[in-house]
Amino acid sequence: MREDPVADVLAYCKQHDLLLTTAESCTAGYMISLLATVPGTGEVVESGYVVYSPQAKQRLLGVTPETIERYGLTSEAVAWEMAIGALKDSKADIAIATTGVAGPDPEGGIAPGTLCFAWAFAGEPPAVFTRCQRFFGERSEVMREAALYGLTQMPHYHRRWLRGERA
């Protein structure tokens, strides 16, 4: 029988005494929702931000209008600023951010299913890893797969951070 990947992420956070927050746009809180299905979530989840509009990204997470204009809403740069903003506004050790186009229609020339992620780790300075990934399927499938991807990649980037990597 296959392990539950969400339970594995929670166990990893507990093992490393990590507190997590998310800053989700196109996944619309799906990461927090998946985490909430596992008992013990409250021990490792501090908060979750759902920020769809550019204005919400700016107001709640400090994403700059210049970054949005220069790189677009679906960009690693916006995900980077979302993750940093979530860390600054919370007591979390780790922030996972998502922004993208879940589909079915392209936005601004971005292919449906394209999401950009950022995993940020508290410190001075904070370390941020970013990546864009394309997912295929119906909108709900893209959202679920992207949320799982964001969560399950966190231990990988945390281990890189522990080794001293910064990006």
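Helix α6 is followed by Gly164, whose phi is positive, near 100°; helices here are DSSP runs of H or I with at least four residues, strands are runs of E with at least two, and both are numbered from the N terminus. The model is a predicted one, in which local features need pLDDT of at least 70 and side-chain atom pairs count only at pLDDT 80 or more, while totals for chains, interfaces and linings use all residues. Residues are numbered from 1 along each chain as its sequence is written, and side-chain values use heavy atoms, with hydrogens and water left out.

α6 itself covers residues 139-162, and its 24 residues reach 35 Å from the first C-alpha to the last, close to the 34 Å expected at 1.5 Å a residue (the expected span being 1.5 Å times one less than the number of residues). The helix bends by about 35° at Met154, with a proline, Pro155, following within four residues; the bend is the angle between axes fitted to the seven residues ending at a residue and the seven starting there.

Two strand pairs are set out below, where pairing requires that DSSP finds at least two bridges between the strands.

| Pair | Bridges | Direction |
|---|---|---|
| β1 (residues 20-24) and β2 (residues 45-50) | 5 bridges | parallel |
| β4 and β5 | 8 bridges | antiparallel |

Most residues other than glycine have a negative phi, and most peptide bonds are trans. In the loop between β4 (114-121) and β5 (127-134) lies Pro125, which a cis peptide bond with omega of about -5° joins to Glu124. Asp17, in the loop between α1 (5-15) and β1, has a positive phi near 55° although it is not a glycine.

The largest pocket has a volume of about 270 Å³, a volume being the space filled by probe spheres set on grid points joined across faces, edges and corners. Of the 17 residues that line this pocket, the closest to its centre are Leu73, Thr74, Gly100, Val101 and Glu107; on a 1 Å grid over the protein atoms alone, a pocket is an open set of points where a 1.4 Å probe fits, with protein on both sides within 12 Å along at least five of seven lines, and lining residues have an atom within 4 Å of a point. Strand β3 (residues 94-101) gives the most to the lining, with 3 residues.
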